[in-house]
Amino acid sequence: ENWLGCQRGRAQALIDKYIRVNPATEKLAERMQMELFPDNERTVCAHVSGSDKFMSSPKSIHQFEHHLTSFLSAEPKAKALVVSENFRFVNKMMGHFGNRIVKMPELYVKDESSAKGKKAITEHIMIQTVLLAKCDKLVKSWSLAPEFSLYFHRQMKTLNAPGMSIVDLDLNKNSLDDKQSACYVGHKCEDEPLVLRSKSALLSALKSGSCTRRCTAHRILKQKGKPAKDMKGEKTAVLVVAHWQENLAWLEKQPYCYLVMEKKGNGDDVGKDPSTVVVNKGNEASSFLQFIGLNYNNLPDSVLMVHGDHKSEHSVDLVPMMSALSLDAYPYASLNGIHFPFLEYDDVCDLHTFWTQIIGPEEFTPRSIIDVSTACCAQFMVSKERILKRSQNFYDRLYDFSIGSDDEGHDSAGAVGALSKSKRAELLAKHPKALPGCEKNLAVEFNSFTRGEVLELSWHKIFGEEWRSS
């Protein structure tokens, strides 16, 4: 099973790069889906094809029957879509479940050898494949249509939709064989850094081996660099870029697989996967937090988070830096060259307000400007282990704060709204007193820039460092 997941991960990366479902075909499939399932029922699908025997051992009809019966019995309102030429099987299932068994409409072509006939057959198979990709559970063998439906499902899946449950009837269940299989052996590393265009593309690339340290080192050498000693093996690393309108040509000159988080309205967000587009609030923080929240259960072993510029007043050129990084040197480290030995008192006041009201007062111990030191400007590398020390809910709450989604004191544009005096007093009374010399404020009244700034000054603490970070 692990071996198969790895191989499918490789294939998904190639399909995401080179293949897309024709929009016209997808619309035809959606129209057929609405006709077959007008109430949008949950569906189990079975592809029972006579051609299966040419690519694998014949599957017993009882195997398909068992899985369909199990699903439909557990979910009384669900239906089953059956793609099959075996009328006996279809009629038997209809005898058990009546109209809850939906047969894929058949296609009759007068001349299958003609160009028109071949086109009609191809379109019909593609519609079948897209319909299978929209199922909640798929019972399959190695036939081409159900196999491709897995990859199309990952491409078409909406941001928060659950994944499709898959039953591979051909799968070898021998755990020893699975343990001894070597998906990565012989995998040829790509010479160019892989661009990850979606959440599903990230997952596929992590499984395929393309984003391993071994492959990153391969690209460093191709770029005439010298990899660090720990840049080897199968641990994974991905570069996450918070992009506004900077020139991103430099990304092709660095060695890591990379994913660009676009800001809404920047001109490059149109047509991009929703998992990579972020509302333009909270500076780079909202981009980083959306990436962590959406990929919390499938993070690479190391995550590098940077801005869209490879050169800035607070950082040396990121291109040569990327080739020289030692990922095991620190579980968290800034990639910037400016360090704040202490903060201005206004920043300490804002940090106190943010941590005591949004995260929790017990974690905020600084009381003066010298109690906090950190690097400037929010570019860093962090290990998966450090990220996972905090819960997914924690990062989701920070993301909501960064964009102002749950604030009583902000309108839809993110500007401070007018809280009544009584309401403001009520909210202030819920929180600890301000530090001496600080005005007591509400974090929900921070503007978009300040939200990003307090997160910028907090990343080191969020990821397990002390308040005074060297």
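Patches are made of residues with over 30% relative accessible area and no salt bridge, where like charges are joined within 9 Å and nonpolar side chains (Val, Leu, Ile, Met, Phe, Trp, Tyr) within 5 Å. Leu14, Tyr18 and Ile19 make a nonpolar surface patch of about 320 Å²; accessible areas come from the Shrake-Rupley method with a 1.4 Å probe, and for residues only the protein chains shown count as cover.

This is a predicted model, in which local features need pLDDT of at least 70 and side-chain atom pairs count only at pLDDT 80 or more, while totals for chains, interfaces and linings use all residues. Residues are numbered from 1 along each chain as its sequence is written, and side-chain values use heavy atoms, with hydrogens and water left out.

Ile19 sits in the loop between α1 (2-18) and α2 (23-36); helices (H or I, at least four residues) and strands (E, at least two) are DSSP runs, numbered from the N terminus. With 31% relative accessibility, Ile19 is partly exposed. Buried means under 20% relative accessible area and exposed over 50%, with partly exposed in between (1.4 Å probe, protein chains only).

**Disulfides**

A disulfide is a pair of cysteine sulfur atoms within 2.5 Å, and the count by this rule is 5. One of them joins Cys45 and Cys135, with 1.7 Å between the sulfur atoms. This pair links distant parts of the chain, 90 residues apart: Cys45 is in strand β1 (residues 43-48), and Cys135 is in the loop between α5 (115-133) and β4 (137-140). The torsion about their S-S bond is about -75 degrees, so the disulfide is left-handed. Cys45 is buried at 0% relative accessibility, and Cys135 is buried at 3%.

Cys211 and Cys257 form a disulfide with sulfur atoms 2.2 Å apart. Cys211 lies in the loop between α8 (199-208) and α9 (213-222), Cys257 in strand β7 (residues 257-263), and 46 residues separate them. Here the S-S torsion is about -105 degrees, so this disulfide is left-handed. Both Cys211 and Cys257 are buried. A disulfide also joins Cys376 to Cys377, with an S to S distance of 1.6 Å.

**Salt bridges**

Side chains of opposite charge can pair when their charged atoms come close. A salt bridge is a side-chain nitrogen of Lys or Arg within 4 Å of a carboxyl oxygen of Asp or Glu, and the structure holds 19 of them.

| Pair | N to O distance |
|---|---|
| Arg219 and Glu190 | 4.0 Å |
| Arg386 and Glu465 | 2.7 Å |
| Arg424 and Glu445 | 3.0 Å |

Arg424 is in helix α15 (residues 421-429) and Glu445 is in the loop between α15 and α16 (448-456), so the pair ties together parts 21 residues apart in sequence. Arg424 is partly exposed at 24% relative accessible area, whereas Glu445 is buried at 18%. Arg219 is buried at 0%, and Glu190 is partly exposed at 26%. Arg8, Lys140, Glu147 and Asp168 are linked in a network of salt bridges.

His460 is in helix α17 (residues 459-462) and is buried, with a relative accessible area of 1%. Not counting residues up to four places away in sequence, His460 touches Tyr332, Ser373, Thr374, Glu465, Glu466, Trp467 and Ser469; contact means heavy atoms within 4.5 Å. The C-alpha atoms of His460 and Ser373 are 9.7 Å apart, although 87 residues separate the two along the chain.

In helix α12 (residues 345-359), 13 of the 15 residues are buried. Gly360, which follows α12, has a positive phi near 155 degrees.
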